[in-house]
Amino acid sequence: MHALTDAIYGALADGDIGRHFPPSDPRWKGAASRIFLDHACSRARERGFRIANGDVTIVCEHPKIGPHAPAMAEQIAKITKTEAARISVKATTSERLGFTGRGEGIAAIATVMLVAP
């Protein structure tokens, strides 16, 4: 959700999550990711856009994302007010390279298409 949130902010040329929810502000420590995604979607709607589609790629060795991807896409679709068929959640590995390959973390890459109704 964070990667998709930043993709929406980026498409709007509206900064990033840290600009809207400063990590130095204790209110946001441990906050649910859906709060950030909902805010970015609201900003898009305020500017006359809707989300046409979203694509999220999760880079990790573990856990296996495939079994969870449909449920993740469904939740993202609800938050973004987009048809679930227009939200893609998938995973790839980094072939054991870098911090994701060593299992030290997970990365995510997202793109979004905003359209004016």
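In which sense do S1 and S3 pair, and over how many bridges?

**Figure 1. Pairing of strands S1 and S3 in the predicted model.** S1 and S3 pair in the antiparallel sense, over 9 bridges. Two strands are said to pair if DSSP finds at least two bridges between them. Strands (E, at least two residues) and helices (H or I, at least four) are DSSP runs, numbered from the N terminus. Within this pairing, Ile-51 stands opposite Leu-114 in S3. Helix H1 packs on the sheet, where H1 touches S1 and S3, and the direction of H1 makes about 40° with that of S3. Contact means heavy atoms within 4.5 Å. Axes are lines fitted to C-alpha atoms, for helices over the stretch in contact, and angles run from 0 to 180 degrees between N-to-C directions.

As to the model itself, it is predicted: local features need a pLDDT of at least 70 and side-chain atom pairs count only at pLDDT 80 or more, while totals for chains, interfaces and linings use all residues. Residues are numbered from 1 along each chain as its sequence is written, and side-chain values use heavy atoms, with hydrogens and water left out.

**Figure 2. The open sheet.** The sheet contains 3 strands in the order S2-S1-S3, with mixed pairing. S2 and S3 (107–115) are the edge strands, each pairing on one side only. From one strand to the next, the twist averages 10°.

**Figure 3. The β-α-β unit.** Strand S1 (residues 50–59) and strand S2 (residues 87–92) run parallel and are joined by 6 bridges. Thr-57 stands opposite Lys-90 in S2. Together with helix H4 (residues 69–80), S1 and S2 make a right-handed β-α-β unit. Right-handed means that, with the strands pointing away from the viewer, the path from the first strand over the helix to the second runs clockwise.

Figure 4. Ala-77 is found in helix H4. This residue counts as buried because its relative accessibility is 4%; buried means under 20% relative accessible area, exposed over 50%, and partly exposed in between (1.4 Å probe, protein chains only). Not counting residues up to four places away in sequence, Ala-77 touches Thr-82, Glu-83, Ala-84 and Ile-87.

Figure 5. Cys-41 counts as buried, at 1% relative accessibility, as does Cys-60, at 4%. The structure holds 0 disulfides (pairs of cysteine sulfur atoms within 2.5 Å). The chain averages a pLDDT of 95, pLDDT being the predictor's confidence in each residue, from 0 to 100.
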